[in-house]
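Q: Please take a close look at a single part of this structure, and describe it for a reader who is new to it.

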Amino acid sequence: MSIDGYPTTTIIGLEVHVQLKTKTKLFCGCSTQFGAPPNTQVCAVCLGLPGALPVINDQAIELAIRAGLALDCSIPPMTKWDRKQYFYPDLPKGYQISQFDLPICADGFIEIADPADPDQQRHIGIIRAHLEEDAGKSMHDEAAGRSDSKIDLNRCGTPLLEIVSQPDLRSSGEAKAYLSELKLRMTHLDVSDCEMQEGSLRVDANVNLHIDVEGKKVATPIVEIKNMNSFRAVERAIDYEIDRQYDEWEETGHTISDVPKRTFGWDDSKEQTFKQREKEESADYRYFPDPDLLPIRLPVERIDRARANLGELPAQIRTRLQEQYDIKPYDANVIVNEGRTLIEYYEVVASTSGDGRRSSSWIQQDVLRTMNERQCSIDEFPIDSVTLGNLLKQVSSGTLDNTRARDVFTHLLENGGTVDTAIEALGIVAVDGNELETLCQELLEANPKTVEDYHGGKKQAIGALIGQARKKNANANPQQVRETLIRLIESM
Amino acid sequence: MPRDSILHEFPPTFAMLDSAQEILRLQSAGEATAVEIVESALASIEASEPSINAFTHIDREVALQAAKRVDDKRRSGQSMGALAGVPVAVKDVLCTKDMPTTCSSEMLRQFRPPYDATVIERLRLADAIIVGKTNMDEFAMGASTETSAFGITRNPWDTTRTPGGSSGGAAACVAAGNVPLSLGSDTGGSIRQPSGFCGVTGLKPTYGRVSRFGLVAFASSLDQVGPIGWSVTDVALMLQVIAGYEPRDSTSLNQDVPDYVSSLQTADLRGLRIGVLRDALDSEGIDDDVRKAVTEAMRVFEDAGAELVDVGLPHSEYWVPTYYVIAPCEASSNLSRYDGAHYGHRSTEVDPAIAQELGPLVATYCQSRGEGFGAEVKRRIMVGTYALSEGYADQYYNQALKARRLIKGDYDAAFSQADLLLGPVSPTPAFRLGEKTDDPIQMYLCDLFTVGANLAGIPAISLPAGHSADGLPLGIQLQAPVLEEARLLFVGSAYQASTDHHRQRPQA
């Protein structure tokens, strides 16, 4: 935080919409497939034609229950539907079917690693999560004074779960950690794809500051930031807003009681938030129970069944990986945060190699870096988990040193094949002990200064000789070279 | 006129027949074809329309083609639907894919739905012939069919008077002898009151008994589709066709449909307890003729062996206020979709001054809705919007929901004392056209005795019960517990077996 002056506390609450991974929409049989030509996935119900009536998609209820359980929410025995009313052309009925006072999930929490101290956990409360139908998409072309708007209603009626956090987040880093954990759980349980680019995960951030003015708490007006299209954008928008609100407070002195909640957009290219044009008067949505839909009873047996079907949740996997493969909490966290397929990859590598720690560090350093460079997923990664496991097994047994193992790794990346074929292709052979001793003897004779330095206490001096040894014979194992050099020097 | 003469006359004086069942019999006996019957209905409509104006749309060609298909089907020996070749009319609030569906509103003047309402599908499956769409109060909001954008409908008994509403056209065309059966919708009495005013039989089924899919919504928690006909037997025949669970309407009841038709027409009501709504009969605003009709009906039921008991519905004074909060609230929401953006009327010339002030989008909304809706619809949208607003919802909408629960409780208590309830349909017979158009409160009070059944979700039937001193039809109303339509029909048919009020027809 780049605020000079009074100490501040940042207060952040997030409203996250995740699109539930149902085949069909929330109240009709239309497909939810992303990217179809405009207005091709619509029917009388989602178009809101006169006389059409909504019918609930039970799969959406099931996914919402799964999501709620994964967020430690309570699922009430009864939930109902309400109409949220406003006029907009991408909302054909003039109201959105949502949930007002009896949401399907309430009162949960997420624990995140504290970005300021990764060994500490932060408890982030979840007020509620409710189901609602999505609106359509408006595309405005207001260039040159024209007001040409196009509406695509394909998205209209797609099921969303809106997850509302308590204002428990204290920094953009925590916000990102919260979102990452939320996304992880939703994708892990196959509740949602959580693709921000496709709009299947959307984030609105409510931000303000508590400024400590000589012991007195001053709260700045709340701003809701919209239109953030990546986690990175969420972080940057929050950081920008923290500075902006402090500056605004310094300039105007306005506090939360002077200014109602405002809606700001985030401009990713200018890297700033901007006030949206919409009117600031607080909207009255005139919620009332939707008379076209019956309340939904959720018997405890159904919830128990859903709970039993959840399987292992990310937090449980973290603990298990730590115990089963003897890795640190931080490492387990990194692996689990990458999602189900990477966890599976790791487990095969670790069990094949018999070395969980080495597997973890290779996956974090070599595999993830390469995936990032190549912009590929673990499914597309050229080296399969068994092959990597075999490679690391040879490192652990001392057959291969790390450097040579990286050569093999690179070779496998480029050419595929097995560890053995790669070793053969690279001409890697174990160097005979006598051969190594001769090589070291020659190096020591050629570098008397190094021997002198070593005896004088500069033991790291031999590092240079190890490099030279490898130049002369690429198969020389650095560890063996080091050991041989030390033995020879000390016997001198 | 002897019935077999029908074939020798053109157009046949089909209006002289006394039931849909007779029309079915004529065809199965080979005495008339569906085409002849439909031609006769169309001729009858042609004759009465200039004075009555019961229809917003008549489709001669479509009807005759459908009739021909029914005749072909019969000739090929296939089994026939329960309303084969029977001409029917449907209120213009029900979606029909081959005819416009206007709700008698400027807003939907050009609207053609891409689908049939469930009840329309079921009529077609039963081989009924839909001859046209009937006039109504705009979006079913009214009690006189005077708020229609397609002109007023007149009462066939007295063309200076209203046929009632909102299903005024549906009741008037049956009374005029155009068709033996029509479909109406009833949100606060819109089947029963016009049936009473026009001297025909009209049934509002239990909420959820008939699918609302394709019924253009006015107040979703109160709306229900039901039949209007010449007799209880015909009404039962049509209910049999349209009733039943349908998954496209989440509020439709998944309960078996009993046989409504076969148990009718016995005059023996021994063991039946009929609760007389004494407070309604004694209320001040009720016409003497109406009171007399109910009193006479009490005697008929007693003669048939029924036991009469006085029952009360203590919260009935809250019916109309409760209804006129809940119905407009739901209507204000249901009618939000008519914004001119996707279909329906869109204002072509947006006032630049309004566009300047509100922006082009909001200006288009305001003007499209301003032009597309009539005064009564606007009034109810405003009332409903107000009653749901922040700070007012607790005082109005939520309060009305509480009152609604009390009203339901009253009915539960009443039905522990009586098997069904007897009372008036409306406080007065048909009033004069224009008499109440400037006084919405007086118009709303037409619903005084009918809205209770909608608020409680119970079935109720309106039966012709004689005529006033002025020769206007009078009606009585029977109400029964949820899903007891069969009881209403059984008792109604017993009444009609002992009386001939339902056989009376207006002079052409």
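A: Chain A holds 15 helices and 16 strands, where helices (H or I, at least four residues) and strands (E, at least two) are DSSP runs numbered from the N terminus. The radius of gyration of chain A, taken over C-alpha atoms, is 30 Å, well over the 23 Å that the globule rule gives for 492 residues, so chain A is more spread out than a compact globule; the rule is 2.2 Å times the number of residues to the power 0.38. Along the principal axes, its C-alpha atoms fill a box of roughly 95 × 55 × 55 Å.

This is a predicted model: local features need pLDDT of at least 70, side-chain atom pairs count only at pLDDT 80 or more, and totals for chains, interfaces and linings use all residues. Residues are numbered from 1 along each chain as its sequence is written, while chains are lettered from A and ligands numbered from 1 in the order in which they are written.

In chain B, B:M136 lies in the loop between β3 (129-134) and α5 (168-175). B:M136 is buried, with 32 other C-beta atoms within 10 Å; a residue is buried if 20 or more other C-beta atoms lie within 10 Å of its own, exposed if 12 or fewer, and partly exposed in between, with C-beta atoms placed from the backbone. Beyond its neighbours within four places in sequence, B:M136 is in contact with residues including B:D92, B:S104 and B:G165, contact requiring C-beta atoms, placed from the backbone, within 7 Å. The C-alpha atoms of B:M136 and B:D92 are separated by 7.1 Å, although the two residues are 44 apart along the chain.

Notes:
Contact = placed C-beta atoms within 7 Å.
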